[in-house]
Amino acid sequence: MGLDYSPISPAGKWLGFVTAVWVQAVSGNNYTFSNYSDALKSLMSLTQLQLNNLSVAKDVGKAFGVLSGLCSDRWSPQVLLLIGSVEGFVGYGVQWLVVSHRVQPLPYWLMCIFLCMGGNSTTWMNTAVLVTCIRNFRKNRGPVSGILKGYVGLSTAIFTDLCTALFSDDPATFLLMLAIVPVLVCFTAILFLREIPPSSNSNEEKQEAKYFKIFNVVAVIIAVYLLVYDVTGEHGRSLSQAFAVILLLLIASPLSVPMYLLLQNLVRTRAESLDTEYHIVEPLLVEDRQPEAENKLETSVVKELKKDVERKPVIGEDHTIVEALKTVDFWILFFSFLCGVGTGLAVMNNMGQIGLALGYGDVSMFVSLTSIWGFFGRIFSGLISEYFIKKAGHPRPTWNAASQILMAVGYIIMALALPGSLYIGSIVVGICYGVRVAVTVPTASELFGLKYYGIIYNILILNLPLGSFLFSGLLAGFLYDSQATKTAGGGNTCLGAHCYRLVFIVMAIACVVGFGLDVLLAIKTKGVYSKIYTSKKSKKPFISSSS
């Protein structure tokens, strides 16, 4: 009798989820550009607009995520993970060669291609784990989205703090970590992540919710641990190494869930084998009802197919991508998402220069703060929005609306440039960006179904390159350069609160527009969430759960 780690066993199912969490913990490299952007700027003698366009090239890689969405319906998660890990290795590996001076700086257009590859690599990883896990745990979409997206938010702080603790915050070593670590983690997930049948009854659903609480607790402990390390200032080498070891142990600790289920399964199997040995009962007559059941199922499927041909799907049912694009609700969700993630990305991509403009020599603290508080926004918004749906059928887009108005306040605070405003702004933007990402993921599946979720999700995240281009590449780049002074090497620099003030004001206005769109979507989808509430209360599967 061997260990049952097969994907369809409970232990195998949760082991797959653990590896998915690890993949997400190393796939937030798109948000780490500020950690090495200044090295690229000085090495390549770039203006701020040119540097921002490099960050846009990184985010344009997300636009090609549509390919991973299309492939998710045809290829297994293992293939998607393999493609993403290899592409990331090449994209970040070449950047490491340049920053570490192992090769001469490449032409600007070629660097754009390799940054694009690095950005695109995460779309394959994210699509593989998100689509698979939301289908595996479709009755707990909020917690699944919150946990997975929460670890994406933490990944920036994990990489930043590990690099600082072990390698003194060296940009070249940081890029080497971005190239190698995701490959190792993805190969682990390739072994265990599979799409399997979801929970079939209320007892299994409650058991899933219990285990998700464990994952949430571990994630919060990791976030608090990272936060304490960041705010306690400089650390000695021995203390930093101890921090790194404990952090890796905490990241590995979710393995306790599949290990517990494995032991539980072993005990149950032994008990059943002993019981079978002394109580063998064979029925004298076996009535075969399978053909009758199959006929009923076939008739039911035919009827459902006829119904689908006769009418177009309504919001809450499975939509093809073409059907989704024809709905007003999709475009409201799309443009409200643009207002939130586009402005948030502008802050993350420009954090290095924002910090320098306000007189901070080291911006790694603000990068980590945005990451850690982004985690809290992601994980708690998933839990809270799910709770209010089950409690009162409260529309999930309402939480997006709340995050948009709070984000606008954060930008106003940063525009004022008062003492400590960058700390407050980093925290507020991190939280709201996290809410925006984590809430939109299950919202899309609830409004347009799970059947074509992979491609629909990747169409929505086209907002990442689009928002990066509009708010970071154009808005922040042009306005910064208009205030900056030329440097001897051909680049430019700007010091003072005026460098980004107008940028923050424009982004605050964009968030107010996003707030109005989210309120409108919450009103329009109130009926959908009332149906979800009713189905959860009666324990009947909601129609968009079908795949």
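Predicted model: local features only at pLDDT ≥ 70, side-chain atom pairs only at ≥ 80, totals over all residues.
Trainee: How does one describe two packed helices?

Mentor: Two packed helices are described by the angle between their axes and by the distance between those axes.

Trainee: At what angle do helix 14 and helix 17 pack?

Mentor: Helix 14, residues 328–357, packs against helix 17, residues 421–448, at an angle of about 150°. Their axes are 10 Å apart.

Trainee: Why are they called roughly antiparallel?

Mentor: Angles over 145 degrees count as roughly antiparallel, and helix 14 and helix 17 therefore fall into that group. Their crossing is left-handed. The residues of this contact comprise 15 nonpolar, 7 polar and 2 charged.

Trainee: Let us turn to cavities. How many of 30 Å³ or more are there?

Mentor: The count is 4 cavities of that volume. The largest cavity has a volume of about 150 Å³. It is lined by 18 residues, and Lys149, Val437, Tyr457, Ile461 and Leu464 are the closest to its centre.

Trainee: Which helix gives the most to that lining?

Mentor: Helix 17 gives the most to the lining of the largest cavity, with 5 residues. The lining as a whole has 12 nonpolar, 3 polar and 3 charged residues.

Trainee: What about the second largest cavity?

Mentor: The second largest cavity holds about 120 Å³ of space. Of its 14 lining residues, Tyr31, Met348, Val367, Thr370 and Ser371 lie nearest the centre. Helix 15 supplies the largest share of this lining, 5 residues. By class, the lining of the second largest cavity has 6 nonpolar, 7 polar and 1 charged residues.

Trainee: One last topic: how much space lies in the second largest pocket?

Mentor: The second largest pocket contains about 430 Å³ of space. Thr164, Gly233, Glu234, His235 and Asp362 are the closest to its centre among the 18 lining residues. Helix 7 gives the most to the lining of this pocket, with 4 residues.

Trainee: How does that lining divide by class?

Mentor: The lining of the second largest pocket has 3 nonpolar, 9 polar and 6 charged residues.

Methods: Residues numbered from 1 in each chain as written. Heavy atoms only, no water. Axes fitted to C-alpha atoms, helices over the stretch in contact; angles between N-to-C directions. Helix = DSSP H or I, 4+ residues; strand = E, 2+ residues; numbered from the N terminus. Parallel < 35°, antiparallel > 145°, perpendicular 65-115°, else oblique. Left-handed = near helix turned anticlockwise from the far one by under 90°. Nonpolar A, V, L, I, M, F, W, Y, C, P; charged D, E, K, R; others polar. 1 Å grid on protein atoms, 1.4 Å probe; cavity = no way out; pocket = protein on both sides within 12 Å on 5 of 7 lines; lining within 4 Å. Points joined across faces, edges and corners; volume = space filled by probe spheres on them.
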